[in-house]
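Please keep the sequence and the coordinates at hand while reading.

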Amino acid sequence: MIRVLVAEDSATARQVIVDAIAAEPGMEVVGIATDGAEAVARAGLLRPSIITMDIQMPILSGYEATRLIMRDSPVPILIVSGVANPEDSSASLNALRAGALGVTAKPSGLADAAGIAGRRRFLGQIRALADVKVVRRFDLVGPATVDVPPIPTVTSRPAIIGIAASIGGPAALAQIVAALPADLPVPIVVVQHNAHGFMPALAKWLNESGNLRVIVASQGEELQPGVLYIAPDDHHLAVFSPGVCALDASPAIGGFRPSATFLFRSIALSYGSRSLSVILTGMGADGVEGLAAVHAAGGMVFAQSERTSVVWGMPGAAVAGGVVDKVLDLDALAGAISGSVGLP
C-alpha cells in the first residue's frame with residue numbers, strides 16, 4: 001500500500017487530490033498538512049511512502065519544507081504546483097535542487113477527458129516515485145560506467161547531441177550542464193516532459209547551473225555550438241541538417257508532445273552517424289522508437305544508469321530494446337559527452 005501525505009493549503013485543490021488518491025487501488029491518504037511546518041512535522045511522525053507537496057504554503061513554503069524533510073527524514077516528494085505561475089516554477093525548481101523528485105501540475109476535478117487524463121498522470125507519478133530510495137546526500141560508490149556490448153566503431157564525431165528526460169530530468173540536466181564546458185563545439189537539443197508553463201523557468205534555471213547558454217527553441221532557429229535548446233510546450237521539436245529547429249503541432253506520440261521519439265527520429269534522418277543521443281531518467285518508454293532509428297543510422301546512444309536514475313523507465317526500456325551503446329552513471333555522462341566531440 002502506497003501511503004501518501006498530502007500537503008496543500010487550498011481546500012479545493014486538497015479535496016481533489018485526496019479524492020483521487022482515495023479512489024486509486026493500492027493507495028491511501030495517511031495524513032494532511034495545510035502548511036509547510038505541518039508537512040515537516042507529519043513527515044517525521046507518519047513516515048509516508050511519498051508526499052505530494054504544494055509549493056506556495058503559509059508558515060513554510062513547499063521549497064523550505066522539502067529542504068527540511070530531506071535533511072531530517074528523507075522521503076520521496078512530488079511537487080504539485082501551479083507551474084504556469086513563474087513564481088511557482090522558480091520555487092519548484094529550487095525544491096528539485098533540495099531533493100524533491102519531480103514537479104507536476106495540480107490535478108483538476110473536472111470530469112472531462114483532460115481532467116481524467118491529468119489525474120491518471122498524477123497518480124502514475126505517485127506510483128512511480130513512491131518506491132524511489134532517497135537519501136540525505138547523493139553518494140555513489142563503485143565503477144562509474146557499465147558498457148553494454150557491442151559498442152560500434154565511431155567513424156565521425158557527433159555534429160549534434162539530443163537528450164530526452166522525464167521524471168527526475170531537471171536535476172539530471174542541471175548536473176550535466178554544470179559539468180559541460182562553454183566551448184562545447186556542437187549544439188544540444190532537449191525534450192523534457194513537464195507540466196505546461198514550466199519550460200521558461202527551466203531554461204533560466206539551467207542557464208544558472210553551468211557554462212552553456214540555455215534557451216527554449218523557436219521555429220526556424222539556427223542551431224549554435226555551446227547552446228542547449230529545450231522543446232517548448234505543446235510542440236514536438238525536430239532538427240534538420242545543417243542545423244535548424246522545427247516545431248511541429250502534430251498529435252502526441254505515446255501521450256507526449258513534445259515527444260523524445262519525434263526528436264530522435266529527426267536526428268536519425270538529418271544527422272545519422274554524426275549524432276549522439278542520450279536518454280535520461282523518466283517514466284515510460286518515450287524515445288525508444290526514435291533511438292532505434294538513431295542506432296540503425298549509426299549514431300551513438302548513451303543511457304543513464306539505473307542506480308542514478310530517479311525512475312529507470314525510459315533508459316531501462318531503451319537498454320531492453322537493444323538500442324543503447326553505453327550505460328553511464330549520471331556523474332560520468334558529461335565527461336562522455338565531451339569526449340565524444342573530441343574534448344578532453
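## The surroundings of S209

Leaving aside its neighbours within four places in sequence, S209 is in contact (heavy atoms within 4.5 Å) with R97, A174 and A178. The residue is found in the loop between helix 7 (199–207) and strand 9 (213–216), where helices (H or I, at least four residues) and strands (E, at least two) are DSSP runs numbered from the N terminus. S209 counts as buried because its relative accessibility is 17%, buried meaning under 20% relative accessible area with a 1.4 Å probe and protein chains only. A polar atom of the S209 side chain lies 2.9 Å from the backbone oxygen of W205.

## Basis of the values

The model is predicted, so that local features need pLDDT of at least 70 and side-chain atom pairs count only at pLDDT 80 or more, whereas totals for chains, interfaces and linings use all residues. Residues are numbered from 1 along each chain as its sequence is written, and side-chain values use heavy atoms, with hydrogens and water left out.

Five strands form an open sheet with parallel pairing, in the order 2-1-3-4-5, and two strands pair if DSSP finds at least two bridges between them. Strand 2 and strand 5 (102–105) stand at the edges with a single partner strand each, so one side of each is left without a neighbour in the sheet. Strand 1 and strand 3 run parallel and are joined by four bridges, with V6 opposite T52 in strand 3.

Notes. Buried means under 20% relative accessible area, exposed over 50%, partly exposed in between (1.4 Å probe, protein chains only). A polar contact is a pair of N or O atoms within 3.5 Å; within protein, one must be able to donate a hydrogen and the other to accept it, and residues adjacent in sequence count only if both atoms are side-chain atoms.
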